[in-house]
Amino acid sequence: MGDIRNRARASLDVIEQRYKYGYGSGQVLFETPYTWVIVDPAGRFVEGDPDLQPFVPAPLYGLPDRPGPTVPIEQDLHLGAVADDAPAGSRELSDHDFRVVTSAFHGPGLLDGRARAPVENLTLHILVTPQEAEEAVATVDQVLYVGLPAAVLLVALIVWTTASRALRPVEVIQQRLRTITSRDLSLRVPVPPRHDEIARLAATTNDTLDRLEQAVEQQRRFTADASHELRTPLASLRADLEVALHYPDRTNWPEVIRGTLGDAERLERLIEDLLLLADLDNRTPSTAHPVDLGALARKAAAQARRHAPASVSVSVQVDCPAGDGVTVHGDARQLERLLRNLLDNAVRHARGRVQVTVSAPAGTALVDVRDDGPGIPAEHRERIFERFTRLDASRNRTSGGTGLGLAIAREIAHNHHGTLTLGETPPAAGARFVAALPLQEGRAPRSSTPHEES
């Protein structure tokens with residue numbers, strides 16, 4: 001409708017010029033698609049569509065005489081009823097509302113018996129009829145009726161095709177994931193060649209499957225190793241008891257009881273280690289308090305001396321700030337277990353000396369445990385921290401442990417946001433284990449004062 005009004009405004013000048021220069025009303029009516037009428041200042045019909053003559057001067061009136069042209073105006077007018085003998089076109093226009101574009105211009109008026117028509121201030125009305133509006137809307141409707149369903153279908157087809165192509169890799173990934181079970185985690189999902197979100201999702205899924213396979217494999221090995229370690233002392237315990245029962249008269253019962261107690265103690269230590277590892281694996285929350293590592297190292301060293309051979313000495317050196325200890329925030333029982341495991345391992349392999357050093361350089365608490373034993377080959381530097389790992393030289397029952405001590409110590413260090421590593425030592429100069437733990441906040445070192453105990 002707005003476009004029709006704009007074209008009607010543009011037609012004002014065309015009609016004015018044709019009328020003023022006498023191109024003829026017939027030609028004007030033929031070439032102009034609008035219904036229009038020119039009215040003189042007295043409100044008389046001058047030129048235009050004859051069907052509008054009954055509506056002059058009311059409501060199609062003449063504007064007052066003005067010195068110059070006026071700006072076109074728009075208004076809504078109601079064309080009233082006409083007589084029954086009025087032309088058919090007038091009757092069709094009667095009793096309807098129209099949008100009327102009006103402007104004034106100077107041009108020749110009516111002759112009124114004069115030889116030459118005087119130039120007067122004439123008024124031009126152009127009606128925007130409902131039929132014209134309906135024709136414009138009908139054109140748009142036709143375009144919409146035909147084009148809109150086609151456009152919707154085209155958009156739907158494009159969306160369906162694009163979505164199908166984009167989601168096809170997701171369907172392939174989903175099908176592959178259905179084939180992956182806990183019995184076989186070796187399969188991986190295909191990664192699309194393009195670098196998009198789906199490719200990143202597939203890569204992340206494969207990374208997750210890698211970690212899951214490693215965890216399941218580690219769990220299987222752990223279960224198998226735990227079963228083997230538990231079976232060995234149980235078999236020994238059962239064999240000793242069965243022999244004693246079959247030959248009660250020839251059995252040294254105190255010796256049998258001592259042997260079975262040893263096997264029971266070994267089972268107890270192994271079960272405790274397994275339970276502690278399960279808690280560490282599950283990240284079971286522990287009670288955290290400020291812990292003085294220096295005092296804890298002295299306590300663990302005192303316990304190690306009671307069980308160490310007479311030929312092995314255990315000494316502790318604490319390099320701490322003046323007046324302060326090397327304090328960390330953690331579980332005192334777990335940290336004591338870490339120190340005890342490191343000392344038990346050092347005492348088992350030492351020839352004559354075990355040295356424990358506690359220090360706090362650069363805001364980190366360090367526990368350094370050294371022995372003068374045969375050392376650890378380079379190829380076993382990380383393997384010794386695996387569960388149930390015992391090197392060939394320490395597999396016998398008199399000197400070998402359960403193979404869980406260093407694994408537990410490293411898990412405890414990780415649980416306290418720290419690390420446990422095998423330090424560098426010269427060849428055949430013994431082993432050196434270094435545990436690094438974050439200091440308690442507000443306890444940074446100020447100066448070092450060595451203090452050693454033997």
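Are Phe 385 and Phe 433 buried or exposed? I looked them up, and Phe 385 is buried, as is Phe 433. For my own notes, buried means under 20% relative accessible area, exposed over 50%, and partly exposed in between (1.4 Å probe, protein chains only).

**Ground rules.** I am working with a predicted model, where local features need pLDDT of at least 70, side-chain atom pairs count only at pLDDT 80 or more, and totals for chains, interfaces and linings use all residues. Residues are numbered from 1 along each chain as its sequence is written, and side-chain values use heavy atoms, with hydrogens and water left out.

**Confidence.** I checked pLDDT, the predictor's confidence in each residue, from 0 to 100. The chain has a mean of 81, with 84% of its residues at 70 or more. Over residues 393–399 the pLDDT is below 50, and beyond near neighbours in sequence I found 9 contacts for this stretch in the model (contact means heavy atoms within 4.5 Å). Residues 445–449 also have a pLDDT below 50, with 15 contacts beyond near neighbours in sequence.

**Whole chain.** I counted 9 helices and 13 strands; these are DSSP runs (helices H or I, at least four residues; strands E, at least two), numbered from the N terminus. Of the 454 residues, 39% count as buried. Among contacts with a separation of 6 or more, 64% join residues 24 or more positions apart.

**Aromatic pairs.** I searched the whole structure and got 2 of them. Rings of Phe, Tyr and Trp (its six-membered ring) pair if their centres lie within 6.5 Å; planes under 30 degrees apart count as stacked, over 60 as edge-to-face and the rest as tilted. Tyr 19 and Phe 105 are edge-to-face, at 6.3 Å centre to centre and 80° between the planes. Tyr 19 sits in helix H1 and Phe 105 in strand S4, so this pair ties together parts 86 residues apart in sequence. Tyr 19 counts as buried at 16% relative accessibility, and Phe 105 does at 3%.

Back to my opening pair: the ring centres of Phe 385 and Phe 433 are 6.0 Å apart and the planes are at 85°, so I log it as edge-to-face. Phe 385 lies in the loop between strand S10 and helix H9, and Phe 433 in strand S12, so parts 48 residues apart in sequence are tied together.
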